[in-house]
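User: I'd like to go through the labels on this model and see what stands behind each one. Could you set the values against the cut-offs for me?

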Amino acid sequence: MRDEGEEMTERVQSCRRCGTCCRQGGPALHREDLPLLTDGLLPLADLITVRRGELVHHPLENAVRAAGGELVKIAGSGRQWTCRYYDDGCTIYERRPLACRLLKCWDTGDVEGIIEKDTLTRLDILPGDHALVPAILLQEREFPCEGFEEIHAGIKAPSQELAADLQNRADAELRFRSELVARHRLGLGEELFFFGRPYFQLLQALGFAVAEGPAGLILSWRGRHRGAR
């Protein structure tokens, strides 16, 4: 005869599909998930790219730090982090990504074991002759997410020289992506897959306020912001 503790353990060790994990953000995709993309279950417009060096919340360290490599994730719903495939339950449950299959809220060891391992990048997903592959390579070369972690960790405001450099980079990156979005008629979802979030939005997470002026973006330092994801 089982005691009450054994029955409680059994109840805990099963997914109740409560949606708690789904509300914390869409999963990063791994190579094992590639068939979900090639079969059309996960269209590019439902994905978002996190670029190398971009600030993310690292679950193992419970801290904000720079992404060690590029990640492609299922995007959130609207302005929320909640996975776009969650609607009072997972709408792709039978063919959900690897991270979702491994996640057990009562034992996170399996999913922790694949964090930042064997993850997909844009170039893994796109054919080599895709028209936007050269633009992706150019973005990484001309607008890298360098030094974000150091700026985030700093106490003092960035120097005027660094702030000016970041503003010039944000202006140039916005022109770069705007031209490509118009030329290739990309929707917002497609833009976020091909190029990730705009550079100026990444700077907002570092502590910059961003406004639009007659000649372009205006960046002003307002202090660190700890809400990076």
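Predicted model: local features only at pLDDT ≥ 70, side-chain atom pairs only at ≥ 80, totals over all residues.

User: Why does Glu191 count as buried?

Analyst: Its relative accessibility is 13%. Residues are numbered from 1 along each chain as its sequence is written, and side-chain values use heavy atoms, with hydrogens and water left out.

User: Where does Glu191 lie, and which residues is Glu191 in contact with?

Analyst: Glu191 lies in helix α9; helices (H or I, at least four residues) and strands (E, at least two) are DSSP runs, numbered from the N terminus. Contact means heavy atoms within 4.5 Å. Setting aside neighbours within four places in sequence, Glu191 has contacts with Arg177, Val181, Leu186, Gly196 and Pro198. Among these, Gly196 follows α9 and has a positive phi, near 70°.

User: What do the buried residues of α9 pack against?

Analyst: They pack against β1 (47–50), β4, α5, α6 (133–142) and α8. The buried residues themselves are Glu191, Leu192, Phe193, Phe194 and Phe195.

User: How many aromatic pairs are there, and what makes Phe176 and Phe195 one of them?

Analyst: Rings of Phe, Tyr and Trp (its six-membered ring) pair if their centres lie within 6.5 Å; planes under 30 degrees apart count as stacked, over 60 as edge-to-face and the rest as tilted. The count is six aromatic pairs. For Phe176 and Phe195 the centres are 5.7 Å apart and the planes stand at 75°, so this pair is edge-to-face. Phe176 belongs to helix α8 (residues 160–184) and Phe195 to helix α9 (residues 188–195), so the pair ties together parts 19 residues apart in sequence. Both pass the burial test, with Phe176 at 12% and Phe195 at 0%.

User: How do you know which label the pair Phe193 and Phe194 gets?

Analyst: Their ring centres are 5.1 Å apart and their planes are at 65°, so the pair is edge-to-face. Phe193 and Phe194 are both buried. Ring pairs also join Phe143, Phe176, Phe193, Phe194 and Phe195 into a cluster.

User: Is Arg122 buried or exposed, and how do you know?

Analyst: Arg122 has a relative accessible area of 0%, so it is buried. This arginine is in helix α5 (residues 122–125), and its side chain reaches the backbone oxygen of Phe194 at 2.7 Å. Beyond its neighbours within four places in sequence, Arg122 is in contact with residues including Glu70, Glu140, Phe193 and Phe195.

User: What makes His30 a buried residue, and which backbone oxygen does its side chain reach?

Analyst: His30 counts as buried because its relative accessibility is 5%. It is found in the loop between α1 (4–12) and α2 (34–38). Its side chain reaches the backbone oxygen of Ile114 at 3.1 Å.

Terms used. Buried < 20%, exposed > 50% of the residue type's maximum accessible area, 1.4 Å probe, protein only. Polar contact = N/O pair within 3.5 Å; in protein donor to acceptor, adjacent residues only side chain to side chain.
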